[in-house]
Amino acid sequence: MGSADPPEPVEALAAGVRAGSRAAVARALNLVEDRRAQSRPRIAELLRALGGGKPDGHRVGFTGPPGVGKSTLVSALGGELRRRGSTVGVLAVDPSSKRSGGALLGDRVRIETRPEDEGLFVRSLATAGELGGLARAAPASVLVLAAAFDRVLVETVGVGQSETDVEYVVDTVVFVVQPGSGDALQFLKAGIMEVPDVLVVTKADLGRVAQRAMADLQAAVRALGSRETPVVAVSCVAPPQGIEALVDALECHRAGLDLTARRLASRRRHALADFATEHGERGVRALGGRRAAERWLGEQAPGLDVPALVQGLQEQATEG
Amino acid sequence: MIERAVPERPWIMRTYSGHSSAQASNSLYRANLAKGQTGLSIAFDLPTQLGYDPDHRLARGEVGKVGVPVSHLGDMRALMDGIPLETMNTSMTINATAPWLFALYIALAEERGVGARALQGTTQNDIVKEYLSRGTYIFPPAQSLKLTSDTIVYAVRNVPSWNPINFCSYHLQEAGATPVQEIAYTLGTCIAVLDAVRAAGKIEDMTATFGRLSFFVNAGMRFVEEVCKLRAFALLWERLGRDRYGVTDPKALRFRYGVQVNSLGLTAAQPENNVYRILLETLGVTLSKDVRARAVQLPAWNEALGLPRPWDQQWSLRCQQVLAYETDLLEYDDIFEGSRVVAEKTRSIAGAAWGEVEQVERLGGAVACVQSGYIKERLVESNALRISQIEQGTRKVVGVNCYTETAPSPLLASPDGGAGAILTVDPAAEAAQVDAVRAWRKKRDEGAVRRTLDALRAGVGRGENVMPLSIAAAKAGVTTGEWGAALRDVLGEFRAPTGVGGATIGRDESIEPVRAKVRALGERLGRNVKLLIGKPGLDGHSNGAEQIALRARDAGFEVVYQGIRVTPAQLAQSAVEEGVHLVGLSVLSGSHNDLVPEVLDALRKAGVTNVPVVVGGIIPEADARALEARGVARVYTPKDFALGSIMDDLAELVMRAHGLS
Ligand SMILES: Nc1nc2c(ncn2[C@@H]2O[C@H](COP(=O)(O)OP(=O)(O)OP(=O)(O)O)[C@@H](O)[C@H]2O)c(=O)[nH]1
Ligand SMILES: [Mg+2]
């Protein structure tokens, strides 16, 4: 990988990614993280070559307050999915320090991998100052992982709407809480947080508090009118519990989704959110308001990716 | 009365030691006892501390390094050969596998017809500080605490002169704790353990239990403050016993402790100065009669350079003997009685410490605070502060950040011009242990082994006391690795929070130029500079690696912190998957010559090229050169205390690797 070497042909790299090769996936992730203008065409070419990832794959986001047990849970799920024969790619996103620009990427240490098993891959990513709890490179990284592995698990820290951009890049959003902290309940009730697709209460080994947390959440979800939202209690300490039930709940949610439609809708919402972050309410008004923007997005070709859609919105705004 | 008619009996004098094999350690112990040492302090090697046999994959390079391997009853026999168990006072630095080593010791006593009731000594057995500092834990906290309380309940009933636990403030100080934190978090552990013991043993009267509890403390250079710390400790311990556990017998409430004076603060630069440091630190734990140590073990002057030789350890033992036998220290009552200064300082430490004890209780107790990372984060912060004070010179360390000019030291000139003033463990020792444990397994009654292991698994699963089950297994010839594997099956394994994520460090302007360099480098590379930091091998002393990780983040690097006990193959896998620009390894156990080349090979095999590898640890000069010849880009030793310049160095290495300098 010396800097003097000629760049690897993108087609070969994409083939390596599709074959699930550890080294190729890592190189592809290095590429999509590359911020230099000179790398943009190669990144675009790679993403085109990878298509939208495995069409029958499943991307699941795990979000929740710090320290509730997200990484431990992702580790347990990774193990269970491997046992069921799926390959798994994990993207663990951690915040960067505002002051130094550096980051401590501490999720990997909690996620069990085996050197001899290339079917479970973990990559850590720093947010590098991006708003919304997601790194700039996260959407493209998810696409790389989704082209290589059957299941993609994305971990981000966050509570409440402003921090859950993860929903744009995954098919299923899991909100993870631990017993004894009423945060999630408050956020749900106050409407700060949208009802996620699946709710998980970790540390079920703590007993009664865990059961109470689960009952409270179930009541809140029912009160908000989303009867279907599963609430699963899990424990990751021996003997583990609830992991299989959670995998089942995830598979069930996925089976109920029109993946193509959901991903298309996510891309469009993501594009609008990105546009709004960059240009503010003034920009949105220039589009004729949110409704009009959504309508315009709805008319675009389904194959367009997020950057292309943002570009289109920008052109709309300057024309309109 | 001021002067005592008869001088007080001195404390028990020990030397923390053990290496290579049970036989070699036995002759070392006998030699030490002949020199006037009055107790034993057994250092076990890392595989023994973590429940692995010498032929386990993870034991490679670690057998007999930081202590003696004890794999079965035969090893325990050899270790204590010719040493009378009924009169010896034996301290074992053993934690996760404490019930097992205690069981081997009891089994040996019964075999010799001594009987458990006669045994005196200590099992360290404080698992909470393993999660916080020392790293040799195996099982999750709740499960570990159950084993701890089993041992205590068993000892109080059946081995009444044994100290089944040494609550360790020692390692908290090593991890950075201030005196206040040292007391507070240790007492937090006491509460967690004692509540568990009271519940598990259904004990109504805690007097007998309290009388068997002791502490293992650390003593640093600020010895006036240390005296006050110990007085505050004693005060709060008594209060805890009275108020929370209803103990009233003053004898049971007495604060009893053993000590090893601070070895982390010993310097590699001008190491002869450490002799003064050791003596002054010893004063802190001996001057005040009311809180005088019951047992003292001293590090050696050259601890920061490598493994001390028998002569180095003898020099430290002589320090104790000169103090106890030549001075008039033991002829007086407490010489601080009535000192306003000492009383005031003691009160202030005790007040602050109790406040923090209450804070830990509010947050759910010590175990919850280990799990949440609260305590670890506070320790990492304090340590970061201490290190930056040394770096900036506001905390003086003679020979390190001031008065650094020196004539060449004759103590360091070795006559052979080779390895220098340290001990090297014979690399053949490991192979011999591997053969020995295999031979042992061939000679035993397999039926008895299987039966006792099944009983152990089933019994522990049902929540029975682990001690009788372990003693039966010890007698049947079960090995340390088999015991460990059986319990891992039933109890599961654990990884403790690293504390580096949540710790915050103070603003430090001097890092700004490095930050700018790292930022610019990131722009040129296209993405931020990413480091992988981890500790291969079994050693769990992660304080150094944590500080490097923390400072690296502060310098603007993205740091994948992989923590302790990672295999070379895992490190290689992480380096590939994470796309890092540099790999940093920390090895303190002396097994760098085995582990580091293995990591280099694993990286090469995984196709990782152009990624510089740096190593930090207690690495003798000659070994450092050899590692560099093998392809290590840089070796850092305790001499490189300025983390800021290490950060600059790391950036330079990455630049050079990418042809950008
Ligand atoms: N008792 C118990 N503890 C758990 C469980 N799962 C995780 N933990 C502990 O909770 C702590 C935090 O776990 P992580 O998996 O690092 O949590 P996280 O949400 O990924 O944390 P961040 O990435 O820092 O936000 C660790 O000490 C775990 O050991 C569980 O099921 N039971
Ligand atoms: Mg995490």
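In the largest nonpolar core, which counts 140 residues, Met80(B), Leu187(B), Phe210(B) and Trp237(B) touch the most other members. A nonpolar core is a set of buried Ala, Val, Leu, Ile, Met, Phe, Trp, Tyr and Cys residues joined through side-chain atoms within 4.5 Å. Buried means under 20% relative accessible area, exposed means over 50%, and partly exposed lies in between (1.4 Å probe, protein chains only). Helix H4 (residues 98–111) of chain B gives the most to this core, with eleven residues. Another core, of 66 residues, lies apart from it, and includes Ala14(A), Ala146(A), Val154(A) and Leu603(B). In soluble globular proteins, nonpolar side chains tend to be buried together.

The model is predicted: local features need pLDDT of at least 70, side-chain atom pairs count only at pLDDT 80 or more, and totals for chains, interfaces and linings use all residues. Residues are numbered from 1 along each chain as its sequence is written, chains are lettered from A and ligands numbered from 1 in the order in which they are written, and side-chain values use heavy atoms, with hydrogens and water left out. The predictor's confidence in each residue is the pLDDT, from 0 to 100. Chain B averages a pLDDT of 93, and 98% of the residues score at least 70. The complex receives an ipTM of 0.93 and a pTM of 0.88 from the predictor.

Neighbours within four places in sequence aside, Phe210(B) is in contact (heavy atoms within 4.5 Å) with Leu194(B), Trp237(B), Gly241(B), Tyr245(B), Val247(B), Ala252(B) and Leu253(B).

Chain B also holds an open sheet of five strands, in the order S1-S10-S9-S8-S7, with parallel pairing. Helices (H or I, at least four residues) and strands (E, at least two) are DSSP runs, numbered from the N terminus. Two strands pair if DSSP finds at least two bridges between them. Strand S1 (12–14) and strand S7 (165–168) of chain B are the edge strands, each pairing on one side only. On average, neighbouring strands of this sheet are turned by 25° against each other, direction ignored. Three bridges join S1(B) to the parallel strand S10 (residues 295–297) of chain B. Arg14(B) has Gln297(B) as its bridge partner in S10(B).

Two helices lie across this sheet. Helix H12 (residues 310–326) of chain B lies across S1 and S10 of chain B, at about 160° to S1(B). Axes are lines fitted to C-alpha atoms, for helices over the stretch in contact, and angles run from 0 to 180 degrees between N-to-C directions.

In chain A, Ser71(A) (OG), Asp107(A) (OD) and Glu155(A) (OE) coordinate the magnesium ion (ligand 2) at 2.0 to 2.2 Å. Ser71(A) lies in helix H4 (residues 70–83) of chain A and Asp107(A) in the loop between strand S3 (103–105) and strand S4 (120–126) of chain A, so the pair ties together parts 36 residues apart in sequence. Both Ser71(A) and Asp107(A) are buried. Donors are N, O and S atoms within 2.8 Å of the metal (3.2 Å for Na, K and Ca); water is not among the atoms, so sites may look incomplete.

Finally, two glutamines of chain B. Gln143(B) lies in helix H6 (residues 141–158) of chain B and is buried, with a relative accessible area of 18%. Gln371(B) lies in helix H14 (residues 366–371) of chain B and is partly exposed, at 39%.
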